[in-house]
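Please look over the structure first.

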Amino acid sequence: MGRKVTLATCSLNQWALDFDGNLERILKSIEIAKAHGAKYRLGPELEICGYGCADHFYESDTLLHSFQVLRKLVESPITQDIICDVGMPIMHHNVRYNCRVLFLNSKILLIRPKMLMANSGVYREMRWFSPWKQSRQVEEYFLPRIIQEVTGQDTVPFGDCVLSTKDTCIGTEMCAELWNPNSPHIQMGLDGVEIFTNSSASHHELRKADQRVNLVKSATIKSGGIYLYANLRGCDGDRVYYDGCAMVAINGDIVAQGAQFSLNDVEVITATLDLEDVRSYRGELCQPNMVIEPKRCHRVKVDFSLSSGDDIHLPTHQPITWHFNSPEEEISLGPACWLWDYLRRSEQAGFLLPLSGGVDSSSTACIVHSMCVLLCQAVEGGNSQVLEDVRRVVGDDSYRPEHPRELCGHIFTTCYMASENSSEDTCSRAKGLANQIGSTHMNINIDMAVKGILGIFSVVTGRWPQFRVNGGSHRENLALQNVQARVRMVLAYLFAQLGLWARGKPGGLLVLGSANVDESLTGYFTKYDCSSADINPIGGISKTDLKTVNEASYAELEPLTDGQVSQTDEADMGLTYSELSVIGRLRKISKCGPFSMFCKLIHTWKDALSPAEVAQKVKHFFRMYSVNRHKMTTVTPSYHAESYSPDDNRFDLRPFLYNTRWTWQFRCIDNQVALRQGLHCHRILRLNGGGRRGSQI
């Protein structure tokens, strides 16, 4: 009957500028798609060069090498008899565009440039690309000579167009276009397009997956149709982790789902669907609205069918229920996958973590162990690429991991750096956790190094600073804490570079940081201490998400009181982590300055705090934020997981030199507090006065 189509979409772990590896993974995905009977294969955004090329997009080499890869694809026998949809940058009339290239049997069918750009949050596409603004218009694109030699074509259609096969019509969306209120699929659907494709580079954020799934479902629930969603996976060279989730939907139902977190470099999702289901769905619901617009979609015709002549025997995919990971699972899995990509691609021999026994460093250690669990599961499942990478990391061509704890001992070193201010409790907790996960653990005492540095200072100045509890000033107290913190960083890098050498093993270790996003907001860390590491898997995760038990956090940089810790993080910061989480979201997501934040929080916190107390907390936060903002210019690259992250790289673009007094802003807050107090007093007086009058009657 010729109405059932088998379509393939995929998640690929591409790497920026890794043209050899990217080509290999694209070809493998096409091969798998064909093996499952697919006649159309969709890949992720900019899959040929990698999405994270950043300013390398300015280089002509990036464009040249992308076309060289495209030639390899077009002339490969693997790509025959299947429509291939790949992503790459293309320059047209001296303007760079983020494009999809569709080809079949050594012929380019069309090039579709991105029309609506991603230019917020971590995305800066407008820096490198221009949007195609000519709606439903197509121009001729002159192919470069290396492509002409293979295809025999001089020009191909370039612009806002759709592909019309002998049995259906396919329209393209790209990543952010799905999230836009004027998504192209709306008009394409009203113009009879039946299959929509979306190639994305959508990164992971906590609690974001359901938004993506709901957008895909809603794209077809109103006007029917089939929707293919492809996405990148892994760390392609930056702070974000692309989390896959390739999927296929029809008429508002998900029928095929890919993994969100996986160590598979290539994952292909196929689905067989009935085009008549789309036509029947539209017949009653949408037909009255499917009118001819002044400008219809430009259709590029191709002599090819996605369906066969006799397909009654083909079963179609049925709706499924999407399984969403909990935030705790996302924290465990996302950063673990990101760490593995970073480790294997940096060609280092493992990780070193200063393990303090607190929530943050313990969470980081557990994430590394989670990575080892995933690696063992992948090897057990027959993933030869993971096994090859593990052997290269441990430096043993015959090694095969049998248990996560055993693997952890090969690639993970933890060290507890004790001082005279450290407690037995944190020391035993660090040792206990290291024993549970199997890391190679060391206890290091830093007192000798600290005293040596202070001795140098004393020789030069004739002064010896004291802690506050011993009569020292605030400046002395802070300086003494910072010496301890910075000594730990120096020792961490020393042991990372020479620790394996001392054990007779090759290679070096990557130093892991463990400062959370809320501490970064206030600058509650020492610049160039253990927060200054190579990478930080929890730097974009809030403290409230990291805490699975009620437990105080402490830095242990001040002397103990009767053998017990007297210094706590929240007491030092003057704000609780739950308060910081609210403040952080207001600052970044709601775009609040000091005054706007105060105006919102007097209602949010009205049951717990007076307006004056809210004002004090808001002003305290902005003082700390502005005083310490400079620290974010040097903070360790962190896994991006939270939409209120203060990451200075390109997500949160702010000054780092402020007027820390915020005189105008704080005066506005004080005026409001005084006004509200005056109104409150007036009400009390009015009520009391009313009572007296009542008693006189």
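A salt bridge here is a side-chain nitrogen of Lys or Arg within 4 Å of a carboxyl oxygen of Asp or Glu. The side chains of Asp238 and Arg239 form one, with an N to O distance of 3.6 Å. The model is a predicted one, and it holds 37 salt bridges.

**Salt bridges and burial**

- Asp238 counts as buried because its relative accessibility is 18%, and buried means under 20%.
- Arg239 is also buried, at 18% relative accessibility.
- Asp341 and Arg344 are joined by a salt bridge of 2.9 Å, N to O.
- Both Asp341 and Arg344 belong to helix H9 (residues 327-346), where they sit 3 residues apart, about one turn of the helix.
- Asp341 is buried, with a relative accessibility of 3%, and Arg344 is buried at 8%.

- A salt bridge of 3.0 Å, N to O, connects the side chains of Arg629 and Asp648.
- This pair links distant parts of the chain, 19 residues apart, with Arg629 and Asp648 each in the loop between H21 and helix H22 (663-696).
- Arg629 and Asp648 are both buried.
- A network of salt bridges links Arg629 and Asp648 with Arg587, Lys588, Asp652 and Arg654.

**Nonpolar cores**

- In soluble globular proteins, nonpolar side chains tend to be buried together.
- The largest nonpolar core has 54 residues, and the members that touch the most others are Leu70, Leu73, Ile90, Ile108 and Ile111.
- Elements that each supply at least two residues of this core include strand S1 (4-12), helix H1 (19-35), helix H2 (60-75) and strand S3 (83-92).
- H1 gives the largest share of this core, 6 residues.
- Leaving out residues up to four places away in sequence, Leu70 touches Ile48, Val86, Met88, Val101, Phe103, Ile108 and Ile147.
- Another core, of 49 residues, lies apart from this one, and Tyr399, Phe412, Ile437 and Leu512 are among its members.

**Helices H20 and H21**

- Helix H20 (residues 594-604) packs with helix H21 (residues 611-628) at an angle of about 145°, and their axes are 10 Å apart.
- The crossing of H20 past H21 is right-handed.
- On the H20 side, Pro594, Met597, Phe598, Leu601 and Ile602 make the contact, and they meet Pro611, Val614, Ala615, Val618 and Phe622 of H21.
- The contact of H20 with H21 comprises 10 nonpolar residues, with no polar and no charged ones.

Definitions and conventions. Residues numbered from 1 in each chain as written. Predicted model: local features only at pLDDT ≥ 70, side-chain atom pairs only at ≥ 80, totals over all residues. Heavy atoms only, no water. Axes fitted to C-alpha atoms, helices over the stretch in contact; angles between N-to-C directions. Helix = DSSP H or I, 4+ residues; strand = E, 2+ residues; numbered from the N terminus. Left-handed = near helix turned anticlockwise from the far one by under 90°. Contact = heavy atoms within 4.5 Å. Nonpolar A, V, L, I, M, F, W, Y, C, P; charged D, E, K, R; others polar. Core = buried A, V, L, I, M, F, W, Y, C linked by side-chain atoms within 4.5 Å. Buried < 20%, exposed > 50% of the residue type's maximum accessible area, 1.4 Å probe, protein only.
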